[in-house]
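Q: Before I look at any single residue, I would like to learn how to read a model like this one step by step. Could you take me through it?

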Amino acid sequence: MRFFPNPFCGRMRRHHPGPHGDGPHGGGPRHGGGRHAAESGWGHEHHERRGGRGGRRGVFEASELRLVLLRLIADEPRHGYDLIRAVEELTGGGYVPSPGVIYPTLSLLEEMGHIAKADAEGARKPFAVTPDGTAQLAQDAATVEALFARLATLATRRAHTDGAPIRRAMENLKAVLMHRLGREGVDADTVHAAVSILDEAAQRIERLP
């Protein structure tokens, strides 16, 4: 029996764990932290479910993310996890910031005097906005409005590209390809014909208004 490669799978790479774990140099996965991570924007990896032909990148610069979190905290006191979920909901699941970015950013906002731990019962106290934080939001009101408009745009894009009809069509295409090209005796001409059909479909979709 002949087997044909799955057209939906990329080239597999062998994983070489480091001497102490699964991180790139051992020691397990690494997560950035502290003020440097918040200021540099480091950590916009996947928990941020977003990417493109140019590779994954963060949705916001570090200073922009600070304003988004500050505005959300001004709306109501929140924990770090609440903020992650709030951003996810605002984008329809199109962007989920990682804890490796959220928590250092909160620490920086606290150092800047823009947020402080709120009076609340329990060991985990949410952050609340301070008068300085409120003043900062007023000063950057136009920027904040534009940032939240960007979040809404991500939600709309997610709804258009990740809806149930699109997923159904993609799964149907995958099943047909695997069934047709995975059979014994498929020749190169058939494979090339299938590739041509896919290329043509991609071009037609790209030309849609």
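A: Let us begin with burial: a residue is called buried under 20% relative accessible area, exposed over 50%, and partly exposed in between, with a 1.4 Å probe and protein chains only. In this chain, buried residues make up 32% of the 209 residues. The model is a predicted one, in which local features need pLDDT of at least 70 and side-chain atom pairs count only at pLDDT 80 or more, while totals for chains, interfaces and linings use all residues. Residues are numbered from 1 along each chain as its sequence is written, and side-chain values use heavy atoms, with hydrogens and water left out.

Q: How many helices and strands does the protein chain have, and in what order do they run?

A: Helices (H or I, at least four residues) and strands (E, at least two) are DSSP runs, numbered from the N terminus. On that basis the protein chain holds eight helices and two strands, and their order from the N terminus is α-α-α-α-β-β-α-α-α-α.

Q: What share of the contacts with a separation of 6 or more joins residues 24 or more positions apart?

A: Contact means heavy atoms within 4.5 Å. Of the contacts in the protein chain with a separation of 6 or more, 58% are between residues 24 or more positions apart. The C-alpha atoms of Ala 155 and Thr 91 are 4.0 Å apart in space, although 64 residues separate them in sequence. A second example is Glu 64 in helix α2, which touches Val 59, Leu 147 and Arg 150 when residues up to four places away are left out.

Q: Which residues touch the most other members of the largest nonpolar core?

A: In soluble globular proteins, nonpolar side chains tend to be buried together. A nonpolar core is a set of buried Ala, Val, Leu, Ile, Met, Phe, Trp, Tyr and Cys residues joined through side-chain atoms within 4.5 Å. The largest one here has 27 residues, and those touching the most other members are Phe 60, Val 68, Leu 69, Leu 72, Leu 106 and Ile 115. Two or more residues come from each of α2, α3, α4 and α6 (141–161), with α2 giving the most, seven residues. Leu 72, setting aside neighbours within four places in sequence, is in contact with Arg 78, Leu 83, Ala 86, Val 87, Leu 90 and Phe 148.

Q: Which residues of α3 and α4 are buried?

A: In α3 they are Gly 80, Leu 83, Ile 84, Ala 86, Val 87 and Glu 88, and what covers them includes α2, α4 and α6. In α4 the buried residues are Gly 100, Val 101, Ile 102, Pro 104, Thr 105, Leu 106, Leu 108 and Leu 109.

Q: Is His 79 buried or exposed, and what is it in contact with?

A: His 79, found in the loop between α2 and α3, counts as buried because its relative accessible area is 17%. Apart from neighbours within four places in sequence, His 79 is in contact with Arg 124, Lys 125 and Pro 126. By contrast, Thr 156 in helix α6 is partly exposed, because its relative accessible area is 42%.

Q: How many aromatic pairs are there, and how is a pair classified?

A: Rings of Phe, Tyr and Trp (its six-membered ring) pair if their centres lie within 6.5 Å; planes under 30 degrees apart count as stacked, over 60 as edge-to-face and the rest as tilted. This rule gives one aromatic pair. Phe 60 and Tyr 95 form it in an edge-to-face arrangement, 5.9 Å centre to centre with 75 degrees between the planes. The pair links distant parts of the chain, 35 residues apart, with Phe 60 in the loop between α1 (34–40) and α2 (62–75) and Tyr 95 in the loop between α3 (80–90) and α4 (99–111). Both Phe 60 and Tyr 95 are buried.

Q: Which charged residue lies over the face of Phe 148?

A: A charge sits over a ring if NZ of Lys or CZ of Arg is within 6 Å of the ring centre and within 35 degrees of the ring normal. Arg 71 lies over the face of Phe 148, at 4.8 Å from the ring centre.
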